[in-house]
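Thanks for coming. I have one structure to go through today, so let me put it on the screen.

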Amino acid sequence: QVQLVESGGGSVQDGGSLRLSCEASGNAGSRYSMAWFRQAPGKEREGVAAITGAGIITYADSILGRFTISRDIAKNTLYLQMNTLKAEDSANYYCAADPTVYFLTSKRLDSATYKYWGQGTQVTVSS
């Protein structure tokens, strides 16, 4: 079993920055594929950024150039650095993980791909 705990959410003004963290415990290995998703009220959950166990990174077009995903293997922690935040980035952000090392590009930002999920952390951007 794998446990994922997100932190770092909060309220910021338009143009601000936040860094989200996701600490993995249990049987999470360094070769797990991990990702960040978000869900706003009334909207479907969408993939934001993913990093496969092989280290391949994929971003959603909506955040390209503004968000950066990274992981610290030693700390078993996934990060999402979010810069130039916009009101439309407001959502509950979730961390996800799966023991599969590699996914095709089309699967990396698909929520059905991932077996383990955190509880989420809220990000609110005010204009």
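Asn-76 sits in the loop between β7 (67–72) and β8 (77–82). When I say strand, I mean a DSSP run of E with at least two residues, and a helix is a run of H or I with at least four residues, numbered from the N terminus. Asn-76 is not a glycine, yet its phi is positive, about 55°. Asn-76 has a relative accessible area of 24%, so it counts as partly exposed. The cut-offs there are under 20% relative accessible area for buried, over 50% for exposed, and partly exposed in between, with a 1.4 Å probe and protein chains only.

Before going on, the ground rules. This is a predicted model, where local features need pLDDT of at least 70 and side-chain atom pairs count only at pLDDT 80 or more, while totals for chains, interfaces and linings use all residues. Residues are numbered from 1 along each chain as its sequence is written, and side-chain values use heavy atoms, with hydrogens and water left out.

Thr-84 is another non-glycine residue with a positive phi, about 50°. Thr-84 lies in the loop between β8 and β9 (91–98). Its relative accessibility is 44%, so Thr-84 is partly exposed.

Now the whole chain. There are eleven strands and one helix. Reading from the N terminus, the order is β-β-β-β-β-β-β-β-β-α-β-β. The radius of gyration is 13 Å, close to the 14 Å from the globule rule for 127 residues, so the protein is as compact as a globular protein of that length. That radius is taken over C-alpha atoms, and the rule is 2.2 Å times the number of residues to the power 0.38. Along the principal axes, the C-alpha atoms fill a box of roughly 40 × 25 × 25 Å.

How much of the protein is buried? Of the 127 residues, 44%. As for contacts, meaning heavy atoms within 4.5 Å, take those between residues at least 6 apart in sequence: 61% of them join residues at least 24 apart.

Last, the aromatics. The structure has three aromatic pairs. A pair here means rings of Phe, Tyr or Trp (its six-membered ring) with centres within 6.5 Å; planes under 30 degrees apart are stacked, over 60 edge-to-face, and the rest tilted. The ring centres of Phe-37 and Tyr-114 are 5.6 Å apart with planes at 75°, so that pair is edge-to-face. Phe-37 is in strand β4 (residues 33–39) and Tyr-114 is in the loop between α1 (105–108) and β10 (116–117), 77 residues apart. Phe-37 is buried, at 0% relative accessibility. Tyr-114 is buried as well, at 6%.

Phe-37 also pairs with Trp-117: the centres are 4.9 Å apart and the planes at 55°, so this pair is tilted. Again distant parts of the chain are linked, with Phe-37 in strand β4 and Trp-117 in strand β10, 80 residues apart. Trp-117 is partly exposed, with a relative accessible area of 25%.

Which residues do the ring pairs join into a cluster? Phe-37, Phe-103, Tyr-114 and Trp-117.
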